[in-house]
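Subject: Structure handover

Hello,

Here is the structure I promised to pass on. Please open it first, then read my notes below.

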Amino acid sequence: MSLRVVFLGPPGAGKGTQARQLAHEWGVPQVATGDMLREAVANTTPLGLEAKRYMDSGGLVPDAVVIGLVGERLAKPDAAPGCVLDGFPRTVAQAEALDRLLAQRGETLHAVVFFDVSRPELLRRLTGRRTCRQCGTGFHLVSAPPKVAGTCDTCGGELYQREDDAEATVGKRLDVYAKETAPLVAYYEREGVLRNVDASGPAAEVYAAIQRTIGKVAA
Ligand code: AMP
């Protein structure tokens with residue numbers, strides 16, 4: 001069994017939550033460039049230091065940097081049966097690089113799942129989002145609050161708000177998405193792999209819709 005999918009959609013659409021679950025179910029890695037970049041920032045690697053200024057302002061990290069990261073990650077043995085790409089590609093140049101990378105290995109994408117959510121709902125989700133520093137579990141102040149304010153239900157770790165989820169930066173990230181990433185919908189439509197999922201409902205419903213979609217295309 002193999003599964004090679006891209007989760008495409010605006011920030012706050014729930015790609016991370018769904019990617020984690022789908023990757024676990026299929027036994028393939030979740031390859032989330034945002035998480036990889038945040039880890040590089042936390043470890044103050046040269047790459048992390050370069051990426052941080054783009055990330056804090058809500059802009060995109062240069063294509064060459066993320067393409068290099070993903071290339072290295074997909075070459076690891078655990079990615080042989082596939083992966084769930086979450087937050088990559090985000091530009092047409094990245095999508096073309098991914099196509100080349102897969103073609104070199106005689107592989108193609110099974111599907112690109114597009115997460116369809118309205119802008120007001122994205123704003124609501126992003127500004128209320130809180131994440132555990134220790135285990136990465138996600139919460140939401142309104143729709144999925146922790147039992148004890150500021151504390152992770154799973155591991156007791158401290159919850160924090162990502163710097164780029166502050167209200168001022170969120171608007172910029174959505175604008176960058178519209179300009180740089182939204183054109184990928186047409187790109188993957190042309191390739192015949194785009195699958196739309198209504199991602200405005202509760203996480204369990206969205207997951208069921210993704211499973212139905214994946215069931216039709218993966219082998
Ligand atoms: P995310 O966690 O996916 O929302 O990503 C957080 C930030 O990391 C983004 O706002 C970008 O600055 C950067 N980033 C993540 N993935 C990419 C990518 N594929 N291309 C460029 N920048 C990225």
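This is a predicted model: local features need pLDDT of at least 70, side-chain atom pairs count only at pLDDT 80 or more; totals for chains, interfaces and linings use all residues.

Residues are numbered from 1 along each chain as its sequence is written, and side-chain values use heavy atoms, with hydrogens and water left out.

The ligand

The ligand is surrounded by 16 residues. A residue counts here if one of its heavy atoms lies within 4 Å of the molecule. The closest are Thr33, Arg38, Gly59, Arg90 and Gln94. Helix H2 (residues 33-42) gives the most to this shell, with four residues. Helices are DSSP runs of H or I with at least four residues, strands are runs of E with at least two, and both are numbered from the N terminus.

By type, the shell has six nonpolar, five polar and five charged residues. Nonpolar means Ala, Val, Leu, Ile, Met, Phe, Trp, Tyr, Cys and Pro; charged means Asp, Glu, Lys and Arg; the others, Gly among them, are polar.

A backbone N or O atom of valine 61 lies 3.1 Å from a ligand nitrogen. A side-chain N or O atom of arginine 162 is 3.1 Å from a ligand oxygen. For arginine 173, the side-chain N or O atom is 3.2 Å from an oxygen of the ligand. Taken alone, the ligand exposes 480 Å², and the protein buries 95% of that. These areas come from the Shrake-Rupley method with a 1.4 Å probe.

Helix H1

Helix H1 (residues 15-26) has 12 residues. Its buried residues are Lys15, Gln18, Ala19, Leu22 and Ala23. Buried means under 20% relative accessible area, exposed over 50%, and partly exposed in between (1.4 Å probe, protein chains only).

Two single residues

Valine 113 is in strand S4 (residues 111-116). At 0% relative accessibility, valine 113 is buried.

Threonine 91 is in the loop between strand S3 (82-86) and helix H5 (92-104). Threonine 91 is also buried, with a relative accessible area of 6%.

Best wishes

Note on methods: A polar contact is a pair of N or O atoms within 3.5 Å; within protein, one must be able to donate a hydrogen and the other to accept it, and residues adjacent in sequence count only if both atoms are side-chain atoms. The expected span of a helix is 1.5 Å times one less than its number of residues.
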